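Colleague: Could you take me through this model step by step, from a sheet to the contacts between the parts?

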Amino acid sequence: MTSQVSSEAGEALVGEQRSAPATPHHGTEKEVRRLDRVIIRFAGDSGDGMQLTGDRFTSETASFGNDLSTLPNFPAEIRAPAGTLPGVSSFQLHFADHDILTPGDAPNVLVAMNPAALKANIGDVPRGGEIIVNTDEFAKRAMAKVGYATSPLEDGSLDGYRVHPVPLTTLTLEALKEFGLSRKEAERSKNMFALGLLSWMYHRPTEGTETFLRQKFAKKPEIAEANVAAFRAGWNFGETTEDFAVSYEVAPATRAFPTGTYRNISGNLALSYGLVAAARQADLPLYLGSYPITPASDILHELSKHKNFGVRTFQAEDEIAGIGAALGAAFGGSLAVTTTSGPGVALKSETIGLAVSLELPLLIVDIQRGGPSTGLPTKTEQADLLQAMYGRNGEAPVPVVAPRTPADCFDAALDAARIALTYRTPVFLLSDGYLANGSEPWRVPDVEELPDLRTLFATGPNHTLADGTEVFWPYKRDPETLARPWAVPGTPGLEHRIGGIEKQDGTGNISYDPANHEFMVRTRQAKIDGIEVPDIEVDDPDGAGTLVLGWGSTYGPITAAVRRIRREGGPIAQAHLRHLNPFPKNLGEVLKRYEKVVIPEMNLGQLATLVRAKYLVDARSHTQVNGMPFKAEQLAAALKEVIDA
Amino acid sequence: MPESRSDSLLHLVPKAEAEQSMKDFKSDQEVRWCPGCGDYAVLAAVQGFMPELGLAKENIVFVSGIGCSSRFPYYMNTYGMHSIHGRAPAIATGLATSRRDLSVWVVTGDGDALSIGGNHLIHALRRNVNLKILLFNNRIYGLTKGQYSPTSEVGKITKSTPMGSLDAPFNPVSLALGAEASFVARTVDSDRKHLTEVLRQASEHNGTALVEIYQNCNIFNDGAFEVLKDKDQAKEAVIRLTHGQPIRFGAENEKGVVRDPATGDLQVVTVTPENESRILVHDAHAATPTTAFALSRLADPDTLHQTPIGVFRSVDRPVYDTLMADQLETAVERHGKGDLGQLLAGNDTWTVVG
């Protein structure tokens, strides 16, 4: 019986036997089984190239047309001590012939490049799962380093699994012996051998990886060819070795996707593209002021590549200067952005308050990670919601927008820009480490379909004094949006001064008048409260009594858990928030429709706190703060408990 | 085409269409510094100098931080931003690098620039962003009512240091030179002519110009610079630096600065026919900042005797904003103007047909 999970309910579906499709190397015909989904985890040392291996397998899988979802998981150290548990880096990929929502709870296949990788990951592999181990690394010392007194490959502790012992290092060296590389150099290609083997097992296309390797090592053609050779050797090893008797097919997810052109995209890339697109749609230059911080730096890297779009990226001396420069650029008429993670937001708080006071458009992108303080830089969390909502002195309301999937980061960026430009306000875009590094297929939008974000700069006087003089008042608001005019330097006749001291309504002059301050505080709040956001949609086909409400990156696991519950006949309603401030106008009414409301979050209940305070609803909180996304099965069990309670 | 370094970046800023007067630069706001504050003199000097610069006033922006001097932008009838404590150089950097058609000025004080905002100041200087930074140094915290500042002399008795301050002060000119500044000058609030001449040179400079202005706080640190202002004392205390001129001072111009051949350091000597040829000729454009730094160390930090004023250093160095703009142009030359559709699709797509 195969261990490979097929249907989501967990029972295995054995496909009909078919002959293998044409491959570069025709060998003896082996059994081919069809599966509807597979979860693979590559695990090795942080120097073993597991992220690259996972990325390549993902690209192959994407171009094959499967739906997919990925979960990279790596230590904060660049090169943690070799062979240790903290140094293990892994990449999990879930792919299917239907639409899927998460990177999967438990891997069906674990590729363990060394004893540490086995030890760190074996707990997640269900009994019966397949494990491919690099036996070359299982020397006594390496095993002792992670606490294996006896070899797990020999002592029977892996009896419940289907273990494929493969001397990956030896085989790689053997395959590359003609290349005249040093042992160290040749060994580095063992990840490509593993990739080749897995590519054979799952009938992945190979051209993309070969092209990729030749491009990546264009300056070192011998290294490129060695990697290609290792990759092919891995494929051939699968094809010819009896140990691998079966290969698997996962058909393209044709029915899961609407018609269109697709690509694979990670959250940070989608967010970067969303910013470039927003600037184009607003017809404004994009300006990023940023300071490197995990897991947000990739946005700085990405945007710095697109100078031919007029994108200016400024790597500042610190987080404060990053947002300061962005605010300066906003004053000058750019679509201004700062990107950071939680600790950076803390440093930027005062400038965000200034932006609230100046009422200038500004995007603050927070790729949340585990906190407090430095916390878990490479792990995910949603614990900056209250910081985004309230982490400033004084009454300083800021809209908050949260993407729900990696690809959704594109649309969320456009939406955040719409709010910032329309209402002349700083806006928080709350992504997280899971969305940032995870990836999924994305239907590439037609540029013509993108929203029009153009806004008007002030060009002349907007107020007439009692004596008939025409003047410009920087704080005279649009009666609809309550936004103030955006008068950029260089506009004659509109010279004005703005600042962080309380301003007189209309004129913007310094004012310490108590009644004026009260009016301005309430007006700034009213402006944010009045931001137009779409109503929240509820998915409730069965008229359930329990509503699960989420926000941000928990969308995938929550939806997967809801599907499980419904498959078993349990009714449950689901709603997911993109706008955390202001909330959709219908949220209160939606919440009151349900007997029970449960809110899963990767924090200690921050949305639940907001919802309980605002709507006086007895929302239950289900929380997890282990640096990892929810697992669908565990979440389903927790939701079921609420339903049954 | 990337500009050559020697072109003045002022040509990027539109000129005023009509002749301007000082009045054009006065805003309608009542000036609210303490009566007798040195800030009034600086404001008048700046407002008086602006018409000479002749730029369209809508293309001039004053950005400030927090402190007494940081109220400055409210009184200038240009664009302005009164920001938060210490951050003006960062905010101005974003404005200047995104809008090269603006003349961007930063107004700051010794606490704002050297204490809470020290980091932004040194990084603006090393980047050589096209900013003109006016650092009002009164050696005291005025707006918070009289605590010692990072330029106060050691042992300063203030409300927060009743037994005397403990920390050694910064010398702003030395600090700026150490931070790779391409233009560093010092002047005095009460010397309108000298202040204006320094502003003139600063405004013509490509890149960051740091102008330290000794400014009297008549409430909390009155007379801090009296020795430099009192006609008789000043002759002995002030060393006026003029590019290309021998560095001499004193009531009878009898003193001069020479280099000690043994140590390379500078020292003050009484000029004699024998040593006259050794008197240092000031070179603000020297390739290295070594001599400028040595000049910045001549003054006695306690008595302020032998305080050089004028332009210490003014050199051409690549300007950050120009380099940034050049990269954008180069990117378009190399890859063509960005095509959003192409960017979004990338190189690795597949098609799903219904």
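**Sheet, domains, chains and cores**

Modeller: The model is a predicted one, and I begin with an open sheet of six strands in chain A, ordered E3-E4-E2-E5-E6-E7 with mixed pairing.

Colleague: Which strands of chain A stand at the edges of that sheet, each with a single partner strand?

Modeller: The sheet has the order E3-E4-E2-E5-E6-E7 in chain A, and from one strand to the next the twist averages 15°. A strand with a single partner is left without a neighbour in the sheet on one side, so the edges are held by strand E3 (67-73) and strand E7 (162-166) of chain A.

Colleague: Turning to the domains of chain A, which element gives the most to the side of domain 2 that touches domain 3?

Modeller: The domain assignment places domain 2 of chain A at 262-449 and domain 3 of chain A at 456-532, and their centres, taken over C-alpha atoms, are separated by 26 Å. Each of these two domains of chain A brings 15 residues to the contact, and on the side of domain 2 the elements that give two or more residues are helix H12 (342-358) and helix H14 (408-423) of chain A. By class, that side of domain 2 of chain A has seven nonpolar, five polar and three charged residues. The element that gives the most to it, with four residues, is H12(A).

Colleague: Where does the largest share of the side of chain A that touches chain B come from?

Modeller: In the contact between the chains, 58 residues of chain A meet 53 residues of chain B. The elements of chain A that each supply at least two residues to its side include helix H1 (50-64), helix H9 (267-282), helix H11 (319-331) and strand E19 (497-499). By class, this side of chain A has 26 nonpolar, 23 polar and nine charged residues. Its largest share, nine residues, comes from H11(A).

Colleague: Which residue in E12(B) is the bridge partner of A:Tyr262?

Modeller: E9(A) and strand E12 (residues 349-352) of chain B run antiparallel, joined by four bridges. Within E12(B), the partner of A:Tyr262 is B:Trp350.

Colleague: Is strand E11 of chain B mostly covered or mostly open, and how many of its residues are buried?

Modeller: Strand E5 (residues 183-188) of chain B pairs with E11(B) in the antiparallel sense over four bridges, with B:Phe183 opposite B:Ser314. Strand E7 (residues 238-241) of chain B pairs with E11(B) in the parallel sense, also over four bridges, and there B:Leu241 stands opposite B:Gly310. Strand E11 (residues 307-314) of chain B is mostly covered, and the number of its residues that are buried is eight of eight.

Colleague: At what angle do the axes of helix H2 and helix H4 of chain B cross?

Modeller: B:Pro89, B:Ala90 and B:Thr93 in H2(B) meet B:His120, B:Leu121 and B:Ala124 in H4(B), and the residues of this contact divide into four nonpolar, two polar and no charged. The axes of helix H2 (residues 88-98) and helix H4 (residues 118-127) of chain B come within 8 Å, and their crossing angle is roughly 40°.

Colleague: Which element gives the largest share of the largest nonpolar core?

Modeller: That core has 255 residues, and A:Leu327, A:Ala413, A:Ala417 and A:Leu429 are those with the most contacts inside it. Residues up to four places away in sequence aside, A:Ala413 touches A:Leu271, A:Gly274, A:Leu275, A:Ala278 and A:Leu429. The largest share of the core, 11 residues, comes from H14(A).

Colleague: Is A:Tyr615 buried, exposed or partly exposed?

Modeller: A:Tyr615 lies in helix H19 (residues 606-615) of chain A, and, leaving aside neighbours within four places in sequence, A:Tyr615 is in contact with A:Gly588 and A:Leu591. Because 17 C-beta neighbours lie inside 10 Å, A:Tyr615 counts as partly exposed.

Conventions:
Residues numbered from 1 in each chain as written. Chains lettered and ligands numbered in written order. Predicted model: local features only at pLDDT ≥ 70, side-chain atom pairs only at ≥ 80, totals over all residues. Axes fitted to C-alpha atoms, helices over the stretch in contact; angles between N-to-C directions. Contact = placed C-beta atoms within 7 Å. Nonpolar A, V, L, I, M, F, W, Y, C, P; charged D, E, K, R; others polar. Domains from an automatic or database assignment. Buried ≥ 20, exposed ≤ 12 C-beta atoms within 10 Å, placed from the backbone. Pairing = 2+ DSSP bridges. Core = buried A, V, L, I, M, F, W, Y, C linked by C-beta atoms within 7 Å.
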